[in-house]
Amino acid sequence: QELEIVAITENYTENFAYVSPRQYEASWKQEAPYNSFLICLDDPESQDHVASDLLENNNVLSVSFSADSGQQFRDIVGSLTHIVLVIIVCAGALAFVVLYNLANINVEERVREIATIKVLGFYDKEVYRYIFREIDLLALMGSCVGLLLGIPLHQFIIRTVEMDQLMFIRTIAPHSYLLSVALTMLFTLAVCFVMRRHVKKISMVESMKAPE
C-alpha cells in the first residue's frame, strides 16, 4: 500500500511513520490494530517497577523507555566528543608545526634584510611587526579558506558516521566558526612569540654581508 507523505519530522533516535486511524482504515479497509501503548510516568524512578509489573502480563512482549534511548544517544555523543577533542589537538599541533616552519623559513631567508632594518634604527617591536605581520595575514587567509572547505567536509563526516537508527546534528553553531579562527590565531601568536628569540639574535653585522 502506497501512502503520500505530507510532513516530515526529525527524530535523532529511531524511525517512525505516523498514520492517522482514519487514513489507516481508508487504506487498509480495516480498523488499526493497536499493539503498543504510550505511558507517561510522573515518577521516572518507578520505571523499573512498572516494567516488571507489565512484563508479568503474558500479553506484554517487551517494554522500552525513551529515557534509555536518550541515554544511549548521550553515551554515543560523549564517545564522539573524546574523538573530536583528539582531532582538535592533532590539528592544533599540525597548525603549530606548519606555522613554525613557515615563520622559520621566512626569517632565515630574510636575515640580511632584518639585519639591515636593525642597522637603520628600528626597535625590536617594530621589527617583529614588520616580519610577523605577513604570517598573521597568511594565517587569517588560511582560516577563511579552511572555513569554506570545512563546511562540506563536516557534512561528509557527519553523514558518514550516522546510522539508520541515529542522526546527529548537521548544523554548525556560529560560535564554532569564531572559535576555530580564534584557535588558529592563538597558535599564530604563540609561534610569533617563540620566533622572537631568533629574530632578536640576528646580528646587525649580517647587513654588511648584503650585496650593495
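How exposed is Ile88, by relative accessible area? Ile88 is partly exposed, at 44%, on a scale where buried means under 20% relative accessible area, exposed over 50%, and partly exposed in between, using a 1.4 Å probe and protein chains only. Hello everyone, and thanks for coming.

Some ground rules before the tour. This is a predicted model, in which local features need pLDDT of at least 70 and side-chain atom pairs count only at pLDDT 80 or more, while totals for chains, interfaces and linings use all residues. Residues are numbered from 1 along each chain as its sequence is written, and side-chain values use heavy atoms, with hydrogens and water left out.

Back to Ile88, then. Its place is in helix α3; helices here are DSSP runs of H or I with at least four residues, strands are runs of E with at least two, and the numbering goes from the N terminus. From Ile88 to Arg197 there are 109 residues in sequence and 28 Å in space, C-alpha to C-alpha.

The crossing of α5 past α6 is right-handed, meaning that the near helix is turned clockwise from the far one by less than a right angle, with anticlockwise giving left-handed.

Who meets whom there? On the α5 side, the residues include Tyr128, Phe132, Ile135 and Leu147, and on the α6 side they include Tyr177, Val181, Met185 and Met195. Contact means heavy atoms within 4.5 Å. By class, this contact has 14 nonpolar, four polar and four charged residues. The classes are simple: Ala, Val, Leu, Ile, Met, Phe, Trp, Tyr, Cys and Pro are nonpolar, Asp, Glu, Lys and Arg are charged, and the others, Gly among them, are polar.

Is Ser143 buried or exposed? Ser143 is buried, with a relative accessible area of 8%. Leaving aside residues up to four places away in sequence, Ser143 touches Val181 and Thr184. Leu166 is 23 residues from Ser143 along the chain, and their C-alpha atoms are separated by 32 Å.

Among the residues making the contact are Phe96, Leu99 and Tyr100 of α3, together with Phe187, Val191 and His198 of α6. The contact of α3 with α6 has 12 nonpolar, five polar and no charged residues.

The other pair is α3 with α5. Here the axes come within 10 Å and cross at roughly 145 degrees, and α3 passes α5 in a right-handed crossing. The contact includes Leu102 and Asn106 of α3, and Ile131, Glu134 and Leu138 of α5. Its residues divide into eight nonpolar, one polar and one charged.

That brings us to α4, residues 111-119, where Val111, Ile114, Ala115, Ile117 and Lys118 are buried. Seen down the axis, these buried residues fall within an arc of 160 degrees, so they line one face of α4; the arc is that of the directions from the helix axis to the C-beta atoms. What covers them includes α3 (66-108), α5 (124-161) and α6 (174-201). After α4 comes Gly121, with a positive phi near 100 degrees.

Lys29 lies in the loop between α1 (21-28) and α2 (47-55). Lys29 is not a glycine, although its phi is positive, at about 55 degrees. With 71% relative accessibility, Lys29 counts as exposed. Ala17, in the segment before α1, is exposed at 74%. Ala17 and Ile157 are 140 residues apart in sequence and 27 Å apart in space, C-alpha to C-alpha.

Terms used: Axes are lines fitted to C-alpha atoms, for helices over the stretch in contact, and angles run from 0 to 180 degrees between N-to-C directions.
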